[in-house]
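Hi,

Here is the structure I said I would pass on. Have a look at it first, and my notes follow below.

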Amino acid sequence: MRILPPLTALAVAATLYVAVFERDRLMATTAAEALPSGAETSASPPAEAAMSVVAIATAATPVQNAVIARGRTEAARQVEVRAETGGLVRSDPLRRGAFVTTGQTLCALDPGSRLQQSAEAEARLTEAQARLREAQVNADAANRLNEGGFATETRRIGAEAALESARAGVQGAQSALEAIRIDLSRLTISAPFEGLLEADTAELGSLLQPGGVCGTVIQLDPIKLVGFVPETEVDRISVGAIAGARLISGREVQGRVTFLSRVADPATRTFRVEVTVPNADLVIRDGQTAEMLISADGVMAHLLPASSLTLDNTGVLGVQLAVEGRARFAPVTVLRDTVDGMLVTGLPEQATVITVGQDYVTDGTPITVTLQQAAP
């Protein structure tokens with residue numbers, strides 16, 4: 001039996017094991033043997049190399065802050081003018097887009113038999129007034145005779161009852177006549193306020209029933225800008241604050257906050273805000289998209305290059321600061337983007353912000369800082 005091949009295989013396996021798994025220990029032993037006598041066998045680890053970065057020294061400045069809200073334009077007032085009584089329309093219609101003034105006739109209804117009813121009611125009132133005068137004379141006569149002992153108490157009471165009945169008759173006739181006159185006054189349907197017709201008024205010859213629409217009037221001067229702000233921003237807005245807006249057409253307008261809801265929308269948890277804007281030329285229409293900037297209390301902010309912003313390992317937006325020779329991550333909140341850079345809050349009043357190399361350092365990395373002049 002040959003034993004040489006197995007011994008050779010075992011020797012090769014032992015050599016490979018030492019070369020692969022015991023390499024570090026073998027190298028350390030070799031290095032120790034190579035040291036001269038009396039030399040130290042232990043050495044301290046090399047110091048971590050500092051990363052070269054570029055930074056700017058920045059100071060916080062007061063910035064006029066604003067709450068951004070998207071919304072739409074809305075007519076200050078809009079009403080469907082309806083008939084209070086029925087009748088045939090006897091006036092020519094006013095066409096949509098026409099400008100109407102307060103009290104201008106929109107629809108005139110035919111009186112029909114109402115004029116005859118009015119005349120009959122006046123006649124009944126005249127008759128009732130005559131009966132009242134007669135009953136008054138009879139009651140006075142009965143009282144005098146009763147006082148002189150020439151008439152019974154029953155006769156006096158009867159005369160008083162006739163007088164009260166005559167008075168009630170006069171009141172009933174007056175009420176009937178007044179009701180007819182009110183109905184006649186409702187035959188003319190007028191504009192409740194100055195504005196524009198959104199639709200044609202009722203056509204000549206059409207029959208309007210009580211509650212039928214004569215026309216729709218909208219008031220566009222002033223006009224409202226309606227937006228919705230989140231609950232995190234609503235406390236920064238107050239009634240009377242100045243607000244500006246840019247319409248989808250590019251037109252810019254300015255007004256003041258006139259309404260701020262106290263109740264959130266149950267679906268979106270946002271609050272309705274209304275801004276009133278002059279619109280004397282009626283150029284702004286109802287329903288246009290608008291982006292509003294509502295002034296709020298100013299804050300201290302830093303103006304930084306957009307490239308200086310970075311993310312930490314958890315995805316938080318911030319910047320890397322140079323603090324005593326090391327990088328320190330600081331989260332920030334972006335107020336808005338400007339042509340000169342990003343306005344951010346959340347930093348100390350004085351800060352040194354890394355602008356070049358911030359993506360190659362982590363919190364605590366040693367750095368060598370080269371300062372550059374900040375943008376004015």
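Let me start with the strands. E19 and E20 (residues 341–345) run antiparallel and are joined by five bridges. Within that pairing, valine 334 sits opposite valine 344 of E20. Do keep in mind that this is a predicted model.

Zooming out, what is the order of the strands in the sheet? It reads E2-E15-E20-E19, an open sheet of four strands with antiparallel pairing. Strand E2 (61–63) and strand E19 (333–338) are the edges, each pairing on one side only. On average, neighbouring strands here are turned by 45 degrees against each other, if you ignore direction.

Now the helices. Helix H3 (residues 114–148) and helix H4 (residues 153–185) have axes that come within 8 Å and cross at roughly 160 degrees. Anything over 145 degrees counts as roughly antiparallel, so that is how H3 lies to H4. The crossing of H3 past H4 is left-handed. As for what makes up the contact of H3 with H4, by class I have 18 nonpolar, nine polar and 11 charged residues.

Last, the aromatics. How many aromatic pairs are there? The count is zero, taking a pair to be rings of Phe, Tyr and Trp with centres within 6.5 Å. There is a charge over a ring, though: arginine 77 lies over the face of phenylalanine 193, at 4.3 Å from the ring centre.

Cheers

Methods
Residues numbered from 1 in each chain as written. Predicted model: local features only at pLDDT ≥ 70, side-chain atom pairs only at ≥ 80, totals over all residues. Heavy atoms only, no water. Phe/Tyr/Trp six-rings, centres within 6.5 Å; stacked < 30°, edge-to-face > 60°. Lys NZ or Arg CZ within 6 Å of the ring centre and 35° of its normal. Axes fitted to C-alpha atoms, helices over the stretch in contact; angles between N-to-C directions. Helix = DSSP H or I, 4+ residues; strand = E, 2+ residues; numbered from the N terminus. Parallel < 35°, antiparallel > 145°, perpendicular 65-115°, else oblique. Left-handed = near helix turned anticlockwise from the far one by under 90°. Nonpolar A, V, L, I, M, F, W, Y, C, P; charged D, E, K, R; others polar. Pairing = 2+ DSSP bridges.
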